[in-house]
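Open the model in your viewer and keep the selection panel at hand. The stops below say what to select next and what is there.

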Amino acid sequence: MRSRLYPVFKYTMIALWACFVAGPFFWAMTTSFKDVNGVQGGATYLPWLQYEPTVVGWRNIFGGAGGVDVMRPFFNSAVVTVAASAVSLVLGSLAAYALSRYRFKLGFIKNSDIVFFFVSQRIMPPVVLVIPFFYLLQWTGLLDTVLGLVIVTVALLLPIAVWVMVDFFNGIPREIDEMAMLDGCGPFQTFVRAILPNSLPGLTVAAMFCVVFGWNDFFFAFRLTFTEVQTLPQAVVALNSSIPPWWTLSAAALFGVAPLILLALRVERYLSKGNLSGAVR
Amino acid sequence: MNLSATDLCLTVDGVDHLKDVSATFVPGRLHAVIGRTMAGKTTLLRVLAGLQGVDSGALTRQGADFLKTPVWRRDTAMVYQQFINYPHLDVFDNVAFPLKRAGLARDEIRRRVTDSLARVGLADFERRKPSQLSGGQQQRVALARALARGTGILLLDEPLANLDYKLREQLRDEFRTLFSDQGDTVVIYTTTEPAEAMMLGDVVLVMHEGRILQTGSPQEVFERPATTTVASIINDPPMNIFTGRIGSGQVTVAGFQATHVSAHLADLPDGTYRFGLRATDVGLASAGVEGEVTFVEISGSETFVHVAVGETPFVVQIEGIHDVALGDLVKLRLRPERLFAFDEEGTLQRTPSYDLTSVEGR
């Protein structure tokens, strides 16, 4: 049934997709090693042959003259992402475990409604949320602070964590909970000693989603912080002045995605092994 | 130390899972709960373990209300039908888990784990993960964990049901030794297999549709099944149950002269009865009750011939391989001295007395 041309077709499609995905990275990479002359000379790709590579863009982002310092925004982004992801994972797994194992009923509201309520936070356009968040942070004096941004980011990440973990816990046989209880564990010990240790694949996926969403958030940081706190996406966008220094911008952008690429490479081991089968269904 | 259940009832979606279940479970004895699938056996164990509530009824242990005791304080171990172990722990840590929770000393834990793994024949598997073991081995791990704790109550929910035939027989034999010395432990074992209940049980409880139909020693239940339902549950293949008439010294079944009335039925007034007869006590003969062969099973050493007499199915167990074809008309010989007689509601009236066999032979 499958023609001999099938592998050719398959690999062509894969190659095209790879180009499509990797293209922008390659573009940014070459641009980051150019200077004014290299950029204005038209589309060039090959260093030394078509343009003279320089590291001026990279020097600029690490505090070189005429550039910006990305280390502080990078640090802010890291703190916000890691803290918000950690809090979301802890709260999210607790909530998800409760939603998976216990039955809640409040009038017509049942477990599935509560799960949907969590997920609906992500269905809503962010613009709808940002105004209430602004007033809340203003009211609590947390506007333009790392803590304020962490709290808002938790609100963004928690639904993802709950959603992924509810699904994952539903896949763990109840009998394991029951056995742990028979073996002397109270409800909390059951969760900590019998369920969590078996939830590593689920936690990994949830953590990955949280970190990616947290790290990439521009909109909320942009609206809720101004001068004191700046995250990496903000810093990159701030470089986009009337005559953008493309080489610096490219270097900053690459520097910004680097952590996610490293993370993806580490987690890929799980993804390719199928260890996550059942983690996200 | 007794565990006493009184009138336990549980109805789910209009179906009785437990109906007026009363029983006393005694330490040091193995209680075999036998019943078909959905009889309420698992529900009963789950209620005893505290994993399932009831609508009404009482459960007491040492005089205290056991229903109010949370699962983790019930001093109960359970072995599930589906080999449940902690996937993230190796064999040693699986068995050690409840011991650690109980706060035992390290040396004591090591001693008990090693000891109980040796008892179930898994001494060399301490560092394997459950997923690296066969089904039978996984069930042994679960068993070792339950045994290591030395709990006051040990529940086994059809522990052999998901194993293959060979392993089931082997483990069943091992169980006899494992459970022979249970000290102060109340052991409750559910099964669908009469042979398991008979071999392992000190006490047999027959369950059907959420009720306990009969409680007694294996011999008692086997020889004096209280109702036709018990008779059919406790025999494998199920006892043949059929309607017949006693009149002028003859038993008539479906219009056929089946057999004469044996001595143990002699004092029954003439009338309609339900009769029970084990598959081994029915034979194929040249005269008797006529029926059509619907199915033939050959196990090798035995042949099971399924025969329809009118609407009533019979199973005939005969030794050796017999060449009987589907659709054949055969005649059944019923051994008169082995007939169980029940009234029309299915309550036991007369039971064959085994020492009568010789008398009949004359």
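Select strand S16 (residues 289-298) of chain B together with strand S19 (residues 329-334) of chain B: 4 bridges join the two, and they run antiparallel. This is a predicted model. To find one of the bridges, pick Glu290(B), whose partner in S19(B) is Lys331(B).

Next, select helix H4 (residues 135-149) of chain B. At 1.5 Å a residue, its 15 residues should span 21 Å, and the end C-alpha atoms are 22 Å apart, which agrees. How many of the 15 residues of H4(B) are buried? The count is 12, so the helix is largely enclosed by the rest of the structure. Among the buried residues are Gln138(B), Arg140(B), Leu143(B), Leu147(B) and Arg149(B). Then step just past the end of H4(B) to Gly150(B), which takes a positive phi of about 60°.

Last, show both chains. The contact takes 14 residues from chain A and 17 residues from chain B. On the chain A side, select helix H8 (residues 174-182), which supplies the largest share, 6 residues. By class, the chain A side has 8 nonpolar, 3 polar and 3 charged residues.

Definitions and conventions: Residues numbered from 1 in each chain as written. Chains lettered and ligands numbered in written order. Predicted model: local features only at pLDDT ≥ 70, side-chain atom pairs only at ≥ 80, totals over all residues. Expected span 1.5 Å × (residues − 1). Buried ≥ 20, exposed ≤ 12 C-beta atoms within 10 Å, placed from the backbone. Pairing = 2+ DSSP bridges. Contact = placed C-beta atoms within 7 Å. Nonpolar A, V, L, I, M, F, W, Y, C, P; charged D, E, K, R; others polar.
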